[in-house]
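User: Hi! I'd like to talk through the side-chain contacts in this one, if you have a minute.
Analyst: Happy to, here it is.
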Amino acid sequence: LQPGVRFHPPFKIFANIIPRRIFVALVSAKGFNGSYDANPFLFKNFDVQNVRLQAGGEVFPFSEYQCDFDNDLYARAYMGLQQTLGISNTGVSNGISPADFKSQCCIYGFDTSGYDPEFHGLQRIGDCSISFSFSDNVPAPGLYAIIMAESVSNLVIGADRVAHVY
């Protein structure tokens, strides 16, 4: 993401296959590029105001994450991470407190699998794109989006000893 912008239009992150879960974090360009005075594992919120994922013509979450970190209004994004990880309402913790989420571990989670995350359905075909808007300008020298995804596929080896991925 370029410095000085407040809105980044949707950009494609996956083509052809829609991952089951997608995690997105932002890191400073200095940290990403290996500067000694910047931490590459510091996923700050960078004044993100709205985050939205489009996958196969659907929007995730249905109503985009709207955050106001200055006024501590980011609970939906925090709970979205917990739900995507499958640990909400389980009594299990991933060790990320709401304060940590706000200051150093702001990771957005998107579950595209449907109502039952434990159901391993067939792979979905389509494109994924994500868009951001910020309440303040993106700081120089810019930001990188770190994206991790989980896909479900089946490896089938046929009688002819040819492997197929479905």
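Analyst: We can go through the charged pairs, then the aromatic rings and the core.

User: Great. What should I keep in mind about the model?
Analyst: This is a predicted model, where local features need pLDDT of at least 70, side-chain atom pairs count only at pLDDT 80 or more, and totals for chains, interfaces and linings use all residues. Residues are numbered from 1 along each chain as its sequence is written, and side-chain values use heavy atoms, with hydrogens and water left out.

User: OK, how many salt bridges are there in the whole structure?
Analyst: The search finds seven. A salt bridge here is a side-chain nitrogen of Lys or Arg within 4 Å of a carboxyl oxygen of Asp or Glu.

User: Let's take Arg6. Which residue does it form a salt bridge with?
Analyst: Its partner is Asp136, with 3.5 Å between the closest N and O atoms. Arg6 is in the segment before strand S1 (7-14) and Asp136 is in the loop between strand S8 (128-134) and strand S9 (143-150), so this pair ties together parts 130 residues apart in sequence. Helices (H or I, at least four residues) and strands (E, at least two) are DSSP runs, numbered from the N terminus.

User: And how accessible is Arg6?
Analyst: Arg6 is partly exposed at 43% relative accessibility, and Asp136 is partly exposed at 37%. The cut-offs are under 20% relative accessible area for buried, over 50% for exposed, and partly exposed in between, using a 1.4 Å probe and protein chains only.

User: Which residue pairs with Arg124?
Analyst: That would be Glu58, where the closest N and O atoms are 2.9 Å apart. Arg124 sits in strand S7 (residues 124-125) and Glu58 in strand S5 (residues 58-66), so to speak distant parts of the chain, 66 residues apart.

User: What about Lys102, where is its partner?
Analyst: Lys102 forms a salt bridge with Asp72, at 2.7 Å between the closest N and O atoms. Asp72 lies in the loop between S5 and helix H2 (75-85), while Lys102 belongs to helix H3 (residues 98-103). There is also a network of salt bridges linking Arg20, Arg21 and Glu150.

User: Switching to rings: how many aromatic pairs are there?
Analyst: The count is seven. Rings of Phe, Tyr and Trp (its six-membered ring) pair if their centres lie within 6.5 Å; planes under 30 degrees apart are stacked, over 60 edge-to-face, and the rest tilted. Phe69 and Tyr74 make a stacked pair, 5.2 Å centre to centre with 20 degrees between the planes.

User: Are those two buried or exposed?
Analyst: Phe69 is buried at 4% relative accessible area, and Tyr74 is buried at 10%.

User: Why is the Phe101 and Tyr108 pair called edge-to-face?
Analyst: Because their planes are at 85 degrees, with the ring centres 6.2 Å apart.

User: Nice. How many residues does the largest nonpolar core have?
Analyst: That core has 36 residues, and Phe101, Tyr108, Phe110 and Phe132 have the most contacts inside it. A nonpolar core is a set of buried Ala, Val, Leu, Ile, Met, Phe, Trp, Tyr and Cys residues joined through side-chain atoms within 4.5 Å.

User: Which element gives the most to it?
Analyst: S3 does, with six residues.

User: Last one: what is Tyr108 in contact with?
Analyst: Leaving aside neighbours within four places in sequence, its contacts (heavy atoms within 4.5 Å) include Ile22, Phe23, Val24, Tyr65, Phe69 and Phe101.
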